[in-house]
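Hi everyone, thanks for coming.

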Amino acid sequence: MTTPPLPASAERFLAEPHLATLTTFRPDGSPHVVAVRFTWDREAGLARVMTVGSSRKARNLLSAPGSRAALCQVAGFRWITLEGTATVSGDPLRVAEGVRRYTRRYSSPPPNPPGRVVVEIAVDRVMNLNT
């Protein structure tokens, strides 16, 4: 699937340094929702979240390859949700790209704990309001 085109206002909103919620699903099917920092790569159609492989969100995705995730950024009455198939990668080049984009968006690098990985969401559905 391809990423749907976003209006310029949505792209600008996604460039602002807000937090979002990331929703994944536990093995029992119940949702796991956590606040995260993330980046949006319009050209690749990827949202990226830095984490560690032992985190619940990473374990949820690793236990169900091909599963979906959703990121929802909210600021006041503006919001946008990015949904798609999520993967977890420890590949040094992919992690480095996640770190580079995170550092640019949030003006500081992410934490660097042992076992750091990047969650990549191939966005194929976008819902937004008042961005």
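Let's begin with Glu16, which forms a salt bridge with Arg78; their closest N and O atoms are 2.8 Å apart. Glu16 sits in the loop between helix 1 and strand 1, while Arg78 belongs to strand 6, so this pair ties together parts that are 62 residues apart in sequence. Please keep in mind that we are looking at a predicted model.

In general, side chains of opposite charge can pair when their charged atoms come close. How many salt bridges does a search of the whole structure find? It finds 11.

Now have a look at Glu83. Glu83 forms a salt bridge with Arg68, with 3.8 Å between the closest N and O atoms. This pair links distant parts of the chain, since Glu83 is in strand 6 and Arg68 is in strand 5, 15 residues apart. Glu83 also meets Arg125 in a salt bridge, at 3.1 Å from N to O. Arg125 lies in strand 7 and Glu83 in strand 6, so here the parts tied together are 42 residues apart in sequence.

What about their surroundings? Glu83 has 14% relative accessibility, so it counts as buried, the cut-off being under 20%. Arg68 is partly exposed at 31%, and Arg125 is partly exposed at 44%.

There is also a network of salt bridges, which links Asp41, Arg48, Arg94, Glu97, Arg100, Arg101 and Glu120.

Let's move on to the nonpolar residues. The largest nonpolar core has 28 residues, and those with the most contacts inside it are Phe38, Ala47, Leu71, Leu82 and Ile121. Several elements give two or more residues to this core, including helix 1, strand 1, strand 5 and helix 3. Which element provides the largest share? That is strand 7, with five residues.

Take Leu71 as an example. Setting aside residues up to four places away in sequence, Leu71 touches, among others, Leu22, Val36, Phe38, Ala47, Leu82 and Ile121.

My last stop is Thr24, in strand 1. Thr24 counts as buried, because its relative accessibility is 0%. Its side chain makes a polar contact with the side chain of Asn60, at 2.9 Å. Beyond four places away in sequence, the residues Thr24 touches include Pro31, His32, Lys57 and Leu61.

Note on methods
Residues numbered from 1 in each chain as written. Predicted model: local features only at pLDDT ≥ 70, side-chain atom pairs only at ≥ 80, totals over all residues. Heavy atoms only, no water. Helix = DSSP H or I, 4+ residues; strand = E, 2+ residues; numbered from the N terminus. Buried < 20%, exposed > 50% of the residue type's maximum accessible area, 1.4 Å probe, protein only. Polar contact = N/O pair within 3.5 Å; in protein donor to acceptor, adjacent residues only side chain to side chain. Contact = heavy atoms within 4.5 Å. Core = buried A, V, L, I, M, F, W, Y, C linked by side-chain atoms within 4.5 Å. Salt bridge = Lys/Arg side-chain N within 4 Å of Asp/Glu carboxyl O.
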